[in-house]
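I opened the model to look up a few things. My notes go by topic.

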Amino acid sequence: MRKQSLSAAQARRVALAAQGFAGHNAGGRGGQRPDRAPGMRDIQAMINRLAQFQIDTINIVARAHYLPVYSRLGPYDPGLLDRALAKNPRRLFEYWGHAASVIDINLQPALRFRMQQYADRGDHPWASDRTNQDLDAWVLHQITESGPLGPREIEHIDPDHVPRKKEHWGWNWSDVKVACERLFNRGVITPARRNSQFERQYDLIERVLPQQILDTPTPPLDEAMRQLVRRAAAALGVASEFDLRDYFRTSQQQTVPAIKDLVDAGELIPVSVEGWSSHAYLWHEAKLPRSVEARALVSPFDSVMFERDRLERLFEFFYRIEIYVPEPKRVHGYYVYPFILGDRFVARVDLKADRAAGVLRVNAAWCEPHADPEQVSPELAAELALMADWLGLSGVVVNDRGDLARSLVKVVAPVLML
């Protein structure tokens with residue numbers, strides 16, 4: 001059989017459609033969004049489509065896991081996502097997907113192999129100064145008796161509590177926190193909710209997950225891999241082998257046999273893609289729209305951004321997050337949101353929700369070389385105004401950094417006056 005081929009533009013549209021950026025529920029730009037207030041059915045559709053939303057602790061605009069839904073559906077009530085994660089019937093659970101993520105609850109059985117791998121390792125690399133086995137048993141007892149509990153709450157009743165270390169920025173974990181992480185990784189406990197400081201409140205997994213999920217048999221590893229690759233392929237539309245395993249961070253040894261099985265079953269179709277040196281696979285139910293009229297700001301942790309080389313292959317878009325780069329060495333800014341218009345990334349903006357001042361600050365704005373600033377600016381201004389309103393902010397303030405800033409500032413004020 002002759003291998004199918006896709007042009008670079010076709011592959012781009014397939015990928016955006018698979019990611020939920022190519023619906024036609026509303027006219028014009030931003031056409032992927034419903035023309036009504038999104039509800040739980042829309043949230044469930046996003047869960048079905050993307051399978052996971054990555055978590056990040058930085059809250060400079062909004063928590064990362066809220067943003068993929070916003071980028072695709074527009075202004076929605078984040079409480080819907082909270083409900084899907086923390087209230088019955090639970091639709092999401094926290095675990096390791098692409099990274100720390102909230103994941104479709106139906107994938108929990110397929111990820112039990114990962115929990116077993118952690119359990120089989122014995123002492124975790126995050127070893128504490130105390131005997132891991134004894135400490136884990138004591139922490140588990142506290143959660144069993146009084147959960148849901150967060151590590152800080154458990155520390156208050158720990159007679160041998162050792163104060164958190166200060167020498168490592170970002171990893172100053174107490175022994176109790178380390179024990180909670182070990183038990184979480186092994187699938188013994190899981191977050192029942194998060195508190196106002198975004199700290200996990202753990203409970204026994206059997207008291208959190210729906211009974212239907214608990215009763216689902218653990219699939220053999222080869223079947224678990226097929227399930228994960230299916231969801232990755234559906235979410236990506238067209239993908240290389242590395243793209244497919246990167247989506248859930250599965251190994252090559254685990255993933256390649258699953259890809260072969262799905263090719264044999266006709267669920268993955270080998271294709272060649274213009275400009276790709278690697279083999280590609282098309283999901284058999286992938287859509288190829290004639291055009292994509294998206295308009296969206298996307299978080300650095302959005303699933304469309306997961307694989308940076310894929311971004312370059314599909315969109316000729318080079319992106320590196322600069323959070324950990326010293327400020328004088330940053331090229332585009334601290335927390336930069338790419339901007340999709342049509343089927344291309346056309347700009348990027350360094351954003352901050354200044355809640356004290358009540359404004360969304362554009363600390364820098366940059367236009368991509370192929371894009372026209374005069375066409376991009378009004379579309380970006382409209383999207384910034386929409387985001388500011390969703391965040392409960394009264395306006396947008398544009399700083400003068402970046403090659404798009406001057407043309408953007410001309411159109412921001414009129415948009416806000418509408």
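The entries below cover the cores, a sheet, a loop residue and a helix residue.

**Ground rules.** I am working from a predicted model, where local features need pLDDT of at least 70, side-chain atom pairs count only at pLDDT 80 or more, and totals for chains, interfaces and linings use all residues. Residues are numbered from 1 along each chain as its sequence is written, and side-chain values use heavy atoms, with hydrogens and water left out.

**Cores.** I looked up the largest nonpolar core and found 102 residues in it. A nonpolar core here is a set of buried Ala, Val, Leu, Ile, Met, Phe, Trp, Tyr and Cys residues joined through side-chain atoms within 4.5 Å. Buried means under 20% relative accessible area, exposed means over 50%, and partly exposed lies in between (1.4 Å probe, protein chains only). Leu244, Leu351 and Leu380 touch the most other members. Helix α10 (residues 221-236) gives this core its largest share, 8 residues. Helices (H or I, at least four residues) and strands (E, at least two) are DSSP runs, numbered from the N terminus. Another core, of 28 residues, lies apart from it and includes Trp276 and Ala294.

I then checked Leu380. Beyond its neighbours within four places in sequence, Leu380 contacts Leu297, Phe339, Ala347, Val349, Leu404 and Leu408. Contact means heavy atoms within 4.5 Å.

**Sheet.** I traced an open, mixed sheet of 5 strands, ordered β10-β11-β12-β13-β14. β10 and β14 (395-398) are the edges; each has a single partner strand, so one side of each lacks a neighbour in the sheet. Strands pair if DSSP finds at least two bridges between them. β12 (residues 344-354) and β13 (residues 359-367) pair antiparallel over 8 bridges. Ala347 has Cys367 in β13 as its bridge partner. Helix α14 (residues 373-390) lies across β10, β11 (336-342), β12, β13 and β14, at about 60 degrees to β10. For that angle, axes are lines fitted to C-alpha atoms, for helices over the stretch in contact, and angles run from 0 to 180 degrees between N-to-C directions.

**Leu288.** Is Leu288 buried or partly exposed? I found it partly exposed, at 41% relative accessible area. Leu288 sits in the loop between β9 (280-283) and β10 (294-297). Leu288 and Ala15 are 273 residues apart in sequence, yet 8.7 Å apart in space, C-alpha to C-alpha.

**Arg182.** I found Arg182 in helix α8 (residues 175-185). Arg182 is buried, at 1% relative accessible area.
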